[in-house]
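Dear colleague,

My notes on what turned up in it follow directly after.

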Amino acid sequence: MNEAGGMVCAEVAELLPWFLNGTLKPSDVQRIRSHLESCPSCRGDLGRTQWASSVFGAHVPAAALVALAWNLPAEGLDLDLCRQHVKSCQACAEELALVRESRELESADEARPAARQLRPALRWGSLAAALAVGFGAGLLSLRLTVHRPAQEARRLAGRVDELDAQVRRLQEAEARLRGEVRRLEAPEINLPIVEALPDSAGPRSQKPPGARVLVPTGARLVAFVLSSGRAAGPAAAELRNPQGEVIWRSSGLQPSRLGGYALALPTSLLKDAEYTITLRPDTGGPETYSVRLERVHP
Amino acid sequence: MSPDDLQLAADFARGERRAVEAVDVWLARAAGPFRRRLGADWEDVLQEVRMEVLDLVRRGSFRGGSSLKTYLWQVTAHTCIDALRRRARRPLADPLEPDDPRPCPDPSPLDRILARENDETLLAVLEAMSSECRELWGLILAGLSYREISARLGSKEGALRVRALRCRERAVEVARRNALVEEDAQ
């Protein structure tokens, strides 16, 4: 008897399943490891315990589940043994049910085009025959349920149609979104850049007309360089429409090294009209810039 | 093999757009029932199915024993089941790191029998095991400690450990007997 690691072989053998499933105390794990180090016999036991875990974790091979669902012979597989296992194994039974569900979808899928190809005469004939059969079956017994598989096939075919339509809608939406992403990711060429002077730079006697800004049709952005005499620190800015409503606001503008503040506005916000940009430096009073936008064809 | 299937398989292998789209619709439909179980992994598994199908078709594995659609459906079901099993069942981890004691270097004839394991021989042994052994080892494989199993089954810890060992020995004995029967048959 080997007592390496402070354990005898019999004790190690009993603990090996839990040594393998990782639930032993670290001290026990260490003792078993020390024992295994010097005991070839227990190392053999360890191999057999791992093998036993493969046995007790065995399930029907996936190929056999497919064969069972499609009623096919399976080369090299004992399907009777697999059927026997499925009866007592919930996991395998659930997997087989999923494979069978998939197979039913294939059958439903095949039934649809076949039905569409029926010639009209045959179709009417089939309808009459089906009615006759249905009537006869109803007379024989109300408990007969032969129509159920057909109903189920129709229901599944309808469901497949719905899903087809849904897939088409999603594919169209994906194509639209991809187009939008491509458009947004494309470089902005011919970006209109406008230098704006504060209204206070004009004559004090009258409100100056807004600087005319020509925006080429198709431009996504228009950039403004606000030439401010107070560009010394961070500032906030807001854009007002002709009705005086704030339609865009931002803060944290930093002065450009060339003087003033730079910002780009999305043209989707702007119409052909006069707008006011109010710049509020953290230090000093606000400045307003009036601009009059006009879209032009390049 | 139907000429249409042959053409479709060839077009798909070449990556012809219509063929790829047609096959893709079938694969998604075939994998549909597994979506519930695979959850967020479903898209990844579907991609795995696509790669598997492409590989099989390019290697000429589709030989026309069934229609192309049935073949694709079966490959999809097979791949989805494999994916479910990878998620759900983790074999007991081998705790032997490279610097840990190595397995027995001189395997016995019995160890050599056990090394010939395949799905079917394992299943045959399992089916010969008692429901008590299957239940006990099922709990071990589920990662329960012997104390937890003892509480759940209402057995003493010592008796439980002995029972697990006896179940293992019984499985080994069945495997040995099955191997002998197999050798006799040959």
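How much area do chain A and chain B bury between them? In this predicted model, the two chains bury about 5700 Å² between them, and 64% of that area lies on carbon and sulfur atoms. On the chain A side, the residues that lose the most area to chain B are A:W18, A:W51 and A:F56, which together make up 16% of what that side buries. The contact itself draws on 63 residues from chain A and 64 residues from chain B.

The side of chain A that touches chain B receives at least two residues from each of several helices of chain A, among them helix 1 (9–21), helix 3 (40–56) and helix 8 (147–185). By residue class, that side of chain A divides into 33 nonpolar, 14 polar and 16 charged residues.

One backbone detail deserves a separate remark. Most residues other than glycine have a negative phi. A:N71, however, has a phi near 55°, a positive value in a residue other than glycine. A:N71 sits in the loop between helix 4 and helix 5 of chain A, and A:N71 counts as exposed because its relative accessibility is 64%, where exposed means over 50%.

With best regards

Methods
Residues numbered from 1 in each chain as written. Chains lettered and ligands numbered in written order. Predicted model: local features only at pLDDT ≥ 70, side-chain atom pairs only at ≥ 80, totals over all residues. Heavy atoms only, no water. Contact = heavy atoms within 4.5 Å. Buried area = accessible area lost by both parts, 1.4 Å probe. Helix = DSSP H or I, 4+ residues; strand = E, 2+ residues; numbered from the N terminus. Nonpolar A, V, L, I, M, F, W, Y, C, P; charged D, E, K, R; others polar. Buried < 20%, exposed > 50% of the residue type's maximum accessible area, 1.4 Å probe, protein only.
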